[in-house]
Each structure stands twice: as structure tokens, then as C-alpha cells.
Amino acid sequence: MIEILVQSLEGSTLNIWILSTAWFWPSLEIFHFIGLSLLLGSMLIIDIRLAGFVRQMNIMATHRLLPLAGVGFFINLTTGMLFLIGDPARYAVNIGFQIKMLLIIIAGLNALWFAVKISPILIDWDPYGDTPSAAKISAYVSLSAWFGILLLGRLIPYVGTG
Amino acid sequence: MFEWLEYSILSIWVGESLWGYPIMLSFHVVGLAIVVGVFSVYNFRVLGLFESLEFVAFVDFFKLAWFGLILNTSSGFALFSSQATIFITNIPFLVKISAISLGSILAFLIQSRLRVHANDWDSGVNRPTSKDFWFARTSIFLWASAIFGGRLIAYYF
């Protein structure tokens, strides 16, 4: 499956344009790093509060940061897909990239679990108090996944193929 | 001086061992996410976004950001030492270091104002002034410039 993906991307118009446009790759890198800062910064604040720390902050107010996390994620999804299209043979077979994608799915499922199961019960808790243990678990899963994603992304050039 | 640095035990480990450089890069990117992430959210808050987030809570988050900055300074020094003579003449690197130095001084000033005014801002006694807005915009510009310079280092040797 990975081979089919690589073959279909290599030689595509976008692939050739990305590779032949010298300024484009470094520009993508700059936006990918700005995106990760927005995403990780928002998630750090949301999850630290969700884990029960920094109780001067109203836990319901931290939801306001979700659009910023969304903007960061969208920037990184777009630039990330352009990296993959630009150099599919490098990324698709890389074990670091593959585990990174798996962790993004885990982070997404955790966010879904939070939205469906935990967010509704948070209303009954003191907005300036401790959080239920299910919320804490979700916060730690989220932090571990996002920082794992960050580290694996950085290590792609240093790890081998899967 | 930079040649001497390149021959120190630290720089040889970072530059020549299999995992020295990637380990330091990992610390560096974690620190970057914490520093730029926390300061960005705060700057957007000052500029009027996420209005229900309490200013007083950022006193704690700034401590985390300073921890990130220490992580970045240490790992950055280790990375720098491995190729000191090359980095010191690299224009994007110099842009990055200047932006980080100014950004850190500004973050200290922003934190001082936060500590004095957080309770008043939260209770609505008064609001951030044009000085705070100017600090916030400049801070966003400086951290973005640091990323801009940092990402271009590898392309301008």
C-alpha cells in the first residue's frame, strides 16, 4: 500500500513543482514550526488545567483555546501533506513518520473521547477546583501523544525505514 | 574561542556520537513548543482573544515558559558548540539569536507588568494599555523571527 502511495505521488505535478521551487521547502518548515507552537502551546494550557493544575484558571474557559489549537493543527496538516507529496519516498517508509501518524490518530481518538464522555460531566465540577480522574487520564494521554508527535517529527531524519 | 569550543568534550559528543545531535535537537524542539506556545497564547490574550482566560493563571504558565527557555538555551548551546565556527558567521543564526535575546528581555518586561496588573485586569478595575498591546505584538514578531531564522540556518551555509 505504501509503495502504491509513493508511486502515485512521485512525478505528480505538485511533487515536481515542490522539488523544483527552492524557496518552498524552507517556507513550509517555517509554517510547520509556527503551527506546532500554536497547537502545542494551546494543548499544554488546556491539558495542564485538565490534569488539575493552575486552578486560578476557569476550566471551562480553556475550551476557548481549542480554535487556536485547530488553526495550528490545520497549518501543520497542510504543510505536512505538502512535505509528504514533495518527498514521499523519504516519509512514507520512515518508522518515525509512521509512529507519528499513529500517535496523531491516538490524539484524535482521545479528543473524541473527551468531547463525548468527559466534557459533559465537567460542567458539574467546580470550575476552579480539582478534576475527575477520567479528565486527568485524558489530559495525560493528550500531552504524551502531542509531545511524542513533536519528538518523532524531529527525529524523522535520524531513524530508519520501517 | 569558537574553535576551542568545538574541541570541548560536550561538542565532540554532540557532533560525533550517533545520538548526541538528535537528543539535543529533541530537547530544543520541546523547549521551542513550550516557549513560543505559552508566550503566543498570552500575547493573543492581551490583544483581546480568549477573554474568559484569567490573567493571573499566566503567572504560573510563565514559570513553565522560563523552564522551556532554560531547556532551549542549554540544548542550543550544546548544538552550537558542535559547529561553533560555522554558526557564528551564519546570518539566519544571528537573526535567530538576536530575536531570542530581545524576545527574552521583552518576556521579562511582560511578566513584570502581568504580576503587577493581573488582578486588576481580571477584576475589570482596568485593562491592558497600548503599551501592553505594543509589547504583545512585538513579542509575537520576535518569536516568529526566531523560528524564521532557526529554520533557515540549514539552508544558508
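**Exercise 1.** Find which residues A:Leu40 touches, leaving out residues up to four places away in sequence.

*Solution.* In this predicted model, local features need pLDDT of at least 70 and side-chain atom pairs count only at pLDDT 80 or more, while totals for chains, interfaces and linings use all residues. Residues are numbered from 1 along each chain as its sequence is written, and chains are lettered from A, with ligands numbered from 1, in the order in which they are written. Two residues are in contact if their C-beta atoms, placed from the backbone, lie within 7 Å. With sequence neighbours up to four places away set aside, A:Leu40 touches A:Trp146 and A:Leu150 in chain A, and B:Ala33 and B:Gly37 in chain B.

**Exercise 2.** Determine how many residues of each chain are in contact across chains A and B, and which helix of chain A gives the most.

*Solution.* Begin with the count: 27 residues of chain A are in contact with 27 residues of chain B. Next, look at the elements (helices are DSSP runs of H or I with at least four residues, numbered from the N terminus): helix 3 (24–50) and helix 7 (133–155) of chain A each give two or more residues to the side that touches chain B. Helix 3 of chain A gives the most, with 13 residues.

**Exercise 3.** State how confident the predictor is in chain B and in the complex.

*Solution.* For the complex, the predictor gives an ipTM of 0.94 and a pTM of 0.95.
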